[in-house]
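I opened my notebook to look up salt bridges in this one. Here is what I jotted down, entry by entry.

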Amino acid sequence: MTADELVVSDLSVHYGGVRAVRSVSFTVGSGQCVGIIGANGAGKTSTLKALMGLVPRTAAEIRFGSHDLTKVRARDVVRHGIGYVPEGRHVFGGLTVEKNLLLGAYVQKWNDRTRRTLREVYELFPVLGEMRHRLAGALSGGQQQMLAVGRALMSNPRLVLLDEPSMGLSPRLIEDILAVLHRLSEAGHALLLVEQNAKLTFEATKTCVVMENGEVAMTGTSADLSRDPRVRQIYLGL
Ligand code: ATP
């Protein structure tokens, strides 16, 4: 086990009588980029929410480095170095870009470290620095997605969970998201990327999990999966 490895073993999520996630297992190594692809309703979002402690779950193990996350309350998961970019961005349109970013620093006090992290986010996403006094609601969809990622980075996470960052974006903006993912990875963050967009995911990650009906249907390197005839037909439309 490496210092910041995420180990998920036998994870299940039930909503009342609905089993949305069934006995899912995977690992994300320190600094690695791992993808989870699957169709609408496959259980991807529920898996991420379960890792964040936002939905009731059972698991043999959810461990990040030396921390047993099954014992950590939802609001404390971020303190252990995991950032979360939820589906649909959820930026506060009536607040400035900078206020949105500072909300992501809620686990820290406004101090030198917060100022340094804010500078780093602006270096990573210069457009956010240029627009820091603008209302978030005035940003384009792609810029709002960058803001949502920047906000998650304000807690200095070592692992970032991203839920469908490409959702609702044009092909050109999806290219921007790919560049963002590469930048995050180069900056040393491990990524767990949940996507319906398999093409983007294969380009952004080294290994991938395919989820179908709440279960892991396949796991492999992104290169191998992108050559698999069934994956190509179902997820790449080829
Ligand atoms: P999408 O790509 O649409 O986000 P997904 O792969 O992320 O899909 P989930 O959102 O995790 O899938 O949903 C998995 C299953 O759980 C679906 O059948 C969904 O209807 C069900 N589900 C999700 N959230 C709830 C909830 N709060 N209550 C009941 N059922 C839910």
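Entry 1. I started with a network: salt bridges link Arg-73, Asp-76 and Arg-79. For my notes, a salt bridge is a side-chain nitrogen of Lys or Arg within 4 Å of a carboxyl oxygen of Asp or Glu.

Entry 2. A word on what I'm looking at: this is a predicted model, where local features need pLDDT of at least 70 and side-chain atom pairs count only at pLDDT 80 or more, while totals for chains, interfaces and linings use all residues. Residues are numbered from 1 along each chain as its sequence is written, and side-chain values use heavy atoms, with hydrogens and water left out.

Entry 3. I looked up the pair Arg-79 and Asp-76, and their closest N and O atoms are 3.2 Å apart. Asp-76 is buried at 14% relative accessibility, whereas Arg-79 is exposed at 56%. Buried means under 20% relative accessible area, exposed over 50%, and partly exposed in between (1.4 Å probe, protein chains only).

Entry 4. Next I checked Glu-212, which forms a salt bridge with Arg-230, closest N and O atoms 3.1 Å apart. Glu-212 sits in strand β10 (residues 207–212) and Arg-230 in helix α10 (residues 229–235), so this pair ties together parts 18 residues apart in sequence. Helices (H or I, at least four residues) and strands (E, at least two) are DSSP runs, numbered from the N terminus. Glu-212 is partly exposed at 21%, and Arg-230 is partly exposed at 39%.

Entry 5. I also found Asp-68 bridged to Lys-71, with 3.2 Å between the closest N and O atoms. Lys-71 is exposed at 67%; Asp-68 is partly exposed at 24%.

Entry 6. Searching the whole structure gave me ten salt bridges.
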